[in-house]
Each structure stands twice: as structure tokens, then as C-alpha cells.
Amino acid sequence: MNWLLPGSLSPLETTIGYEQVAVDLTSWLARNEPDPALKMALDFALLEDFDHLYRYANLYELINGRNAAELTGHLTEITPGRPTMFHHTHPYDVVRPHYETHSVHPLSRMHVMTITAAEQQTMNYYMNHGPELMEPVARKLYAEIAHVEEQHVTHYGSLLDPLDSWLCQLVFHELNEVYLYHSMYLQETDGRIRTLWELHRDMEVGQLHAACDLLRTYEGRDPEEIIPRELPETPVTFETNKDYVRQVLADTVDLRQDGLGYTPVDELPGDNRLFAYQATVNGDGIPSEDVIDQNREANGREYRDETEGPNPVIDLRPSEPAIGA
């Protein structure tokens with residue numbers, strides 16, 4: 001499916017697409033997540049990917065002279081989220097409490113597997129393609145955000161119950177792939193591509209049967225004990241989530257990971273390990289801030305695409321008007 005992307009698409013343009021997908025996929029999962037703790041985990045990282053889109057959009061204008069809204073189609077706003085400089089979290093605070101495999105809602109399990117896979121692919125893409133850019137600010141920005149995405153992989157991956165065996169996980173993953181391909185099949189309007197979604201969905205059905213056979217053979221377990229009888233009625237849907245993102249931004253921008261939970265930054269004690277960790281990581285410069293400063297200097301303002309009005313967080317509004325597409 002990845003080969004459907006046109007060869008004329010640059011790595012940076014693909015990156016902007018990745019971040020738009022991250023924002024709207026995470027928003028949809030969070031809006032439909034039945035477990036409050038898992039929803040909180042989704043909402044927290046949502047604001048970080050939302051800010052990454054803003055940083056890459058400014059890089060796109062800075063080095064290519066182009067408007068990122070040409071790529072996003074104004075379907076996802078481009079404005080600061082939780083600033084990237086605050087994303088760097090002490091490793092002790094990244095791991096989340098996992099769900100219980102015997103009681104978790106089947107939809108929750110698939111939500112966690114889906115977002116973990118998406119963040120893993122995004123991290124790998126940035127790690128592999130960041131070195132291909134020539135501009136120092138671009139290389140540094142990719143390195144900074146790639147490490148944040150690595151944190152996201154741990155943040156989401158730790159939600160999975162470690163008691164599930166590898167074969168159980170294989171069955172769950174194959175079921176999730178069926179669900180995702182079927183979701184894309186239901187929404188696809190291009191007949192040729194719709195046929196590809198259908199083809200891959202049917203292949204995954206076959207692989208699900210094979211995984212179930214392995215579970216029976218090597219663990220003596222009946223797959224029907226662990227998988228639901230039917231796929232969820234609601235398919236994963238890509239749609240605009242502007243109002244939802246704005247609400248989450250207004251409500252939770254100041255939250256930070258703290259132990260196994262989340263705490264407003266102004267309630268953390270001054271000796272909290274977060275501050276020392278961030279001071280170290282940001283000690284020799286902050287690429288995600290440098291790219292905004294350089295684009296401001298080059299174009300007289302930063303790049304934003306705020307279709308629904310000013311940023312809901314007053315402190316994240318520009319000191320001068322930001323001109324978007």
C-alpha cells in the first residue's frame with residue numbers, strides 16, 4: 001500500500017502527511033475509546049503530534065517556500081500544541097499502567113495496537129529519512145521529534161498487557177489488521193484502490209486463521225476464548241477533528257507525565273526529575289524552537305493554518321499575526 005504514494009512526494013511532504021494522520025487517527029481513537037485511562041493516554045500524546053505538525057509545517061515553508069495546507073487540505077489545523085521542547089520526559093515517567101487482558105474491551109485492545117504500530121512506523125521513518133536532509137535545522141528537528149516518537153512507542157506500547165503470550169499477540173494483531181483493512185475498504189471511494197484494500201483484508205483473514213491454528217497447536221487454546229465473534233460495528237474513520245483537538249488543547253496543554261499518572265506542570269515540585277531531564281536535553285539548543293525562529297526571520301511571521309480562529313491557549317498565540325495558506 002505504501003507504494004501508492006507518488007515518487008514526487010518529498011520526505012518532508014510525507015512527514016507532514018504522517019503528522020496529519022497521527023492527529024486525526026489519535027483523535028478518532030480517543031473519541032471512541034471506552035476506557036478513560038486509555039483515552040487519557042491518547043489525548044496526552046495527541047497534543048504532541050499536533051505540535052509536531054506545526055513544527056514541520058514551518059520547516060516546509062522555510063526550506064521549500066510552500067504552504068503545508070496544500071497537503072493537509074485545511075482538514076487539520078496547523079497551530080502549536082503542547083510545545084515540543086516540553087515533550088522530553090524522564091524515562092521513569094513514560095511507562096503507563098497496562099490494561100488487563102482478561103477484562104479489556106476488544107475495541108480498546110485494537111486501539112492500543114493500532115496507535116502503537118502507527119507511532120513505531122513514524123519513529124522509524126524519521127530516524128531513516130532525517131539524515132537525508134541537507135539543512136542543519138531540518139536534520140536536528142527530525143532527530144528531536146524522532147526521539148519524542150520513540151517515547152510515544154513506549155507510552156502506548158506499555159499499555160499492552162505483558163501477560164499475553166506471543167501467539168496470543170499474533171492472533172490479536174491479525175484480527176486488528178483485518179479490522180483496519182476493512183475500515184479502509186468501507187471508506188475508499190477510488191475503485192482501484194478499494195480493490196487493493198479488499199485484497200489485503202482477505203489475505204489478513206487467511207493469516208488470522210493460520211495464527212489461530214498456531215494457538216491451538218502450541219498452546220492448546222481455543223481462539224474463540226480470546227477474540228470477539230464480530231468486528232466492531234464502527235470502522236476506523238479518517239475525518240476532521242478540529243473541535244476535539246481544540247478542546248483537548250485547552251483542557252490539558254499543561255499536563256505532564258508524572259510517575260504512572262499526569263500532573264499539571266505548575267503543581268510539580270521544583271526538584272521533580274522532569275525539569276532536570278529537560279534542562280539536559282534542551283541544554284545545547286532546541287531545534288523545534290529554532291525552526292520557528294528561523295521561519296519568522298525569513299518570512300516576517302511563523303506559519304499557521306488556524307481555520308477555526310486563534311489558538312485556544314492564549315500563551316500559544318503569536319505576538320504578531322501569523323499568515324497561513
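The side chains of Glu302 and Arg304 meet in a salt bridge, with N and O 2.6 Å apart. A salt bridge here is a side-chain nitrogen of Lys or Arg within 4 Å of a carboxyl oxygen of Asp or Glu. This is a predicted model, so local features need pLDDT of at least 70 and side-chain atom pairs count only at pLDDT 80 or more, while totals for chains, interfaces and linings use all residues. Residues are numbered from 1 along each chain as its sequence is written, and side-chain values use heavy atoms, with hydrogens and water left out.

Is Arg304 buried or exposed? Arg304 counts as buried, because its relative accessibility is 3%. Glu302 is buried too, with a relative accessible area of 1%. Buried means under 20% relative accessible area, exposed means over 50%, and partly exposed lies in between (1.4 Å probe, protein chains only). The areas come from the Shrake-Rupley method with a 1.4 Å probe, and for residues only the protein chains shown count as cover. Glu302 and Arg304 also belong to a network of salt bridges that links them with Asp293, Arg296 and Glu306.

How many salt bridges are there by this rule? The count comes to 18. One of them joins the side chains of Glu48 and Arg82, at 3.5 Å from N to O. Glu48 lies in helix α2, and Arg82 lies in the loop between α3 (69-72) and α4, so the pair ties together parts that are 34 residues apart in sequence. Both Glu48 and Arg82 are buried. Helices (H or I, at least four residues) and strands (E, at least two) are DSSP runs, numbered from the N terminus.

Another salt bridge joins Arg201 and Asp202. Their closest N and O atoms are 3.2 Å apart. Arg201 counts as buried at 14% relative accessibility. Asp202 is partly exposed, at 42% relative accessible area. Arg201 also leads us to Tyr185: the two are 16 residues apart in sequence, and their C-alpha atoms are 8.2 Å apart in space. Tyr185 lies in helix α6. With 15% relative accessibility, Tyr185 counts as buried.

Stay with helix α6, where Tyr179 is also found. Tyr179 counts as buried at 2% relative accessibility.

In soluble globular proteins, nonpolar side chains tend to be buried together.

His74 counts as partly exposed at 34% relative accessibility. Most residues other than glycine have a negative phi, and most peptide bonds are trans. The phi of His74 is near 60°, a positive value in a residue other than glycine. His74 and Asp305 are 231 residues apart in sequence, yet 7.2 Å apart in space from C-alpha to C-alpha.

Ala279 lies in helix α9. At 52% relative accessibility, Ala279 counts as exposed. Ala279 and Met85 are 194 residues apart in sequence and 9.9 Å apart in space, C-alpha to C-alpha.

We end on the surface. Asp254, Asp266, Glu267 and Asp315 gather there in a patch of negative charge. Patches are made of residues with over 30% relative accessible area and no salt bridge, where like charges are joined within 9 Å and nonpolar side chains (Val, Leu, Ile, Met, Phe, Trp, Tyr) within 5 Å. Lys and Arg count as positive and Asp and Glu as negative, while His and the chain ends are not counted. The place of a charge is NZ of Lys, CZ of Arg, CG of Asp or CD of Glu. Asp266 lies in the loop between β2 (261-264) and α9 (273-281). Asp266 counts as exposed, because its relative accessibility is 67%.
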